[in-house]
Amino acid sequence: MNNEKVIIFDTTLRDGEQTAGAGLTADEKLRIARHLETIKVDVIEAGFAASSPGDFKSIQQIVSEIRGPVICSLSRAVASDIDAAGEALKGAERPRIHTFLSSSDIHMMHQMRKDREAIMSMAVDAVRRAKGYVEDVEFSPMDATRTDPEYLYAVLRAVIDAGATTVNIPDTVGYSNPKEFAELIRGVFENVDNIHKAVVSVHCHDDLGLAVANSLAAVEAGARQVEGCINGLGERAGNAAIEEVIMALITRPDHYGVTTGVDPEGLGPVSRLVAGIFGFPVQYNKAIVGRNAFRHSSGIHQDAFIKERTTFEIMAPDSVGWRGEALVLGKLSGRAGLRSRLADLGYHLTDEELVTTFTAFKDLADQKKEVTDHDLEALMSEQHRFADIERAYRVDNVQVTAGDVEVPSATITLTAPDGHQRSNTSLGTGPVDAVCKAIDGMVDEEIELTEFAVNSVTEGIDALGEVTIRVRGRDGHIYAGRGSSTDIVVASAKAYVNAINRVLAMAGDVGPAPGQRV
Ligand code: KIV
Ligand code: ZN
């Protein structure tokens, strides 16, 4: 066993944000970055500086606050992108520029419309320019798994000579399989004579459901950086679920013979934070972070499990931060208890934040006897939702009548960004439709509701319901809004208003705008 460390490179804030239907505010990105810092990932790809002013600012914000992990910005292999990345990363404790360029014939011919020679010199120029800003430069030959291996080796050799300190082999379209991908990585080690001067990284997409398997096969073949996203988010079918890669390496040191510096106890909380912020719930049977991942249903399994946990559990649930639905706080809990429980979950509150959070906690504890970790996480999301977008619309009151006799109606009271309260009543085909129509009547914004989903945070009749609403804004983009409450109609009103606030923020009508997607 060699016990070398595998560098964990999290790209939730960059490739993850390319998930269709995603779009985060700078504050939301910062909150995720804080959790990634807490769990000690090695590299945070904070965004793509040149893609939008929002992304640029968000990277700067992360640079100014996060200490520990390397902070990285993506850039195409063009001067203006590299300059934007270099500028955004100014002042970072450990900055990295990650520059990429397609290397497969299919991409060069149809996307880049350039020949191999031109691509090679662009790659070298890009790395040299990035070196003018930072010492730590990563280069990715995009679509590497469909690239002629001899050309791939030549590109890698050239960019390492130009100063690349990490060479990343992306399976951009999720085309490879573990055997073939491991062979490619071995080929890189055998055929690139200066490869010892760089870290070999992998970045796998999940189009065939093989992203984690391919990443692990690459580690077996010698790769020492793995890129991925929390909950497997990312372009199309997503990236390797980084929590699965981490736990495979931690659970099977006998097999992989490597270590990671990540604290796995934070994986559960960070997964739920990311699911809540992105508005993409985690599937129940998802490895490591799904709510069924540590539940035993069969009587035979339960019997053996009670006798000896390891009969049917290869990881302890609490080792990945699964405290499940254990009762943690209630009506009689005080501020100190709340603050310390939230700190365990990765939320460090100022005195001022504690005052408002404690009030919201008491309201929740009045409605729910048992306030679990999951409830607290939902409550924190709810608190941040309105703090993130200043001068937004706020829901003050929701009154609905519904049923199968009368036409459903809703009366909503909002505080508008100008500070004035407005009320409106509307009928609808159901209570949620009535709520949305009543809100539409007070907000002068054309939007189209495209998705409505309800998810319960915990179990039981008094569970907190979390509603995700996606709307199409006037610019044609999709915006997600979220809201939670023990009453799902109230949660729907909050989610709808949250989505509207995001549309308005993007248009510059209220508060700071969310970062635009690449
Ligand atoms: O999938 C991919 O090839 C990428 C690159 C930018 C690394 O995301
Ligand atoms: Zn990717």
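Trainee: Is C229 buried or exposed?

Mentor: This is a predicted model, in which local features need pLDDT of at least 70 and side-chain atom pairs pLDDT 80 or more, while totals for chains, interfaces and linings use all residues. Residues are numbered from 1 along each chain as written, chains are lettered from A and ligands numbered from 1 in written order, and side-chain values use heavy atoms, without hydrogens or water. Buried means under 20% relative accessible area, exposed over 50%, and partly exposed in between (1.4 Å probe, protein chains only). C229 has 0% relative accessibility and therefore counts as buried.

Trainee: How many disulfides are there?

Mentor: A disulfide is a pair of cysteine sulfur atoms within 2.5 Å. The sulfur of C229 is too far for a bond, because the closest cysteine sulfur, in C204, is 12 Å away. By this rule the number of disulfides is 0.

Trainee: Which residues are the protein donors of the zinc ion (ligand 2)?

Mentor: Donors are N, O and S atoms within 2.8 Å of the metal (3.2 Å for Na, K and Ca); water is not among the atoms, so sites may look incomplete. Along the chain, the donors follow the spacing D-x187-H-x1-H. Lying 2.0 to 2.1 Å from the zinc ion, they are D15, H203 and H205.

Trainee: What percentage of the exposed area of ligand 1 does the protein bury?

Mentor: A polar side-chain atom of T172 lies 2.6 Å from an oxygen atom of ligand 1. Taken alone, ligand 1 exposes 260 Å² (Shrake-Rupley method, 1.4 Å probe). Of that area, the protein buries 94%.

Definitions and conventions. Polar contact = N/O pair within 3.5 Å; in protein donor to acceptor, adjacent residues only side chain to side chain.
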